[in-house]
Amino acid sequence: VWPEVTDPEKFVYEDVAIATYLLILWEDERARRGLAERQSFVDLGCGNGLLVHILSNEGHSGKGIDVRRRKIWDTYGPQTHLEESAINPNNLYPDVDWLIGNHSDELTPWIPVMAARSSYSCRYFLLPCCFFDFYGKYNRRRSQKSQYREYLDFVTEVGAVCGFKVEEDCLRIPSTKRVCLIGASRTCPAAEAPALAEERRGYIRRRQPRHLSRASDQGFPSHPREEGLLAAAEATGQRLCEEAPREREGRTALPSGFLPRGKEQVRNCTTLPRAFVDRVALQVAHLLLRETEGSLGGPSSPWNGGESLPLSEIAGHLDKDTLKTLKKEYGGLQTLLRNNYQVFKVQHGKVRIRDWREEERPRKQTRARLPSEATKTRLCWFDQHHPQGCPLPSASCSYAHGATELNQRRITPGNKELLLQLC
């Protein structure tokens, strides 16, 4: 069951592989250090939370934090601790063994800093993806290296400045960004660690944009005007984090200027009213089928898969109010149709009705391995709405042909209202 619009073929395999890597890494660490208790963790920017769910079920205490709650969080159960909150580099985790940054975007260079400031025993695992510096987008240097290699070297340098012996490895995951950086040990004993604090602060301050440095020196928050994260701050009217008070240990807080990403506004068509989405889907399906009285023939006639039409032509048949609503969403009509994966296939700017007989051939072996609770979790759209019904027999279709077939253990929220009507 995957209620998100993201591709489970990528994210499930990727998170399972990362979890496996971490479990083996931590098992080796316990054996090397003679530890009996399993390591604790915090996943900063946990996204769908699957990595947190797996690690928690394997006996590691921890939690995930992200600025936006995901639908799938509700399926994990109370043993998986997930928190919807913005993350600030001044947040410290002194009782946590490992900080995890899996595609953590703006937080990526800050995670070694947060680990170093949390405690001498805190370690970190990073899987960098998007290129961010401490205060905005990462700017390339003039070098012969690729941007990805250059960014990995930068994040490695940050870890070294923070006093970590940074190790690099390449994960076997379905992603082009699969190099991880691990700060599992320190370059100096605990007694010398406080001496690195000033060097660390100086390094961060030198990477601060000039206008932020001037603002920080004068004691007032700046007003950034550069692209990316800083420009977003001005657009939304949010203030930058001001200088935090001096910490109990006597260390000064980080320089001001970092803006934690605020609570995200979801605009991928997933929060649109269900009735609106269903109406648009039916309208587009009828347009593709060109349904007219008697044109489809009887039940024995070939199943009508409809036409393939450009998105622009389909948009021309929608009313102004519908187009106005879709315009507020990222990707608009295309995103809405892609979300309706069961019904539509969107390729190269064109849309057509999905014929599950074609999809069955490459999926036949995969479906045979699926547990029974992973099928019949949603009602079949074709069985309900297509004039000739579903092209597949009920036994072969992964979707339920009628309420009686619906897997009662995995009723999705979208089916509840319809089930009440059917009952």
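How many aromatic pairs does the count come to? In this predicted model, the count comes to 16 aromatic pairs. With Phe134 in the loop between S5 and H4 and Phe154 in helix H4, the pair links distant parts of the chain, 20 residues apart. Phe134 and Phe154 are buried as well.

The charged end of Lys10 is placed over the ring of Phe11, 5.7 Å from the ring centre. Arg354 likewise has its charged end over a ring, that of Trp356, with 5.7 Å to the centre.

The next topic is the open sheet. Its 7 strands follow the order S3-S2-S1-S4-S5-S7-S6, and the pairing is mixed. S3 and strand S6 (164–170) are the edge strands; each has a single partner strand, so one side of each is left without a neighbour in the sheet. From one strand to the next, the twist averages 20°. Within the sheet, strand S1 (residues 41–44) pairs with strand S2 (residues 62–66) in the parallel sense, over 4 bridges. Val42 has Lys63 of S2 as its bridge partner. Helix H2 (residues 50–57) packs on it and touches S1, S2, S3 and S4, its direction making about 170° with that of S1. Helix H4 (residues 147–161) also packs on the sheet, where it touches strand S5 (123–127), S6 and strand S7 (179–186); the direction of H4 makes about 150° with that of S6.

Is Val96 buried or exposed? Its relative accessibility is 13%, and Val96 therefore counts as buried. Leaving aside residues up to four places away in sequence, Val96 touches Ser40, Phe41, Val42 and Cys122. Val42 is the residue that bridges to Lys63 in S2. Val96 and Ser118 are 22 residues apart in sequence, and their C-alpha atoms are 8.2 Å apart in space.

Strand S8 (residues 308–310) and S10 run antiparallel and are joined by 3 bridges, with Ser308 opposite Arg352. Strand S9 (residues 344–347) and S10 also run antiparallel, joined by 4 bridges, and here Phe344 stands opposite Ile353. The hairpin of S9 and S10 has 2 residues between the strands, and in it His348 takes a positive phi near 50°. Which residues make up the covered face of S10, and which the uncovered one? Val351 and Ile353 form the covered face, while Lys350 and Arg352 form the uncovered one.

Note on methods. Residues are numbered from 1 along each chain as its sequence is written. This is a predicted model: local features need pLDDT of at least 70, side-chain atom pairs count only at pLDDT 80 or more; totals for chains, interfaces and linings use all residues. Side-chain values use heavy atoms; hydrogens and water are left out. Buried means under 20% relative accessible area, exposed over 50%, partly exposed in between (1.4 Å probe, protein chains only). Contact means heavy atoms within 4.5 Å. Two strands pair if DSSP finds at least two bridges between them. Axes are lines fitted to C-alpha atoms, for helices over the stretch in contact, and angles run from 0 to 180 degrees between N-to-C directions. Rings of Phe, Tyr and Trp (its six-membered ring) pair if their centres lie within 6.5 Å; planes under 30 degrees apart count as stacked, over 60 as edge-to-face and the rest as tilted. A charge sits over a ring if NZ of Lys or CZ of Arg is within 6 Å of the ring centre and within 35 degrees of the ring normal.
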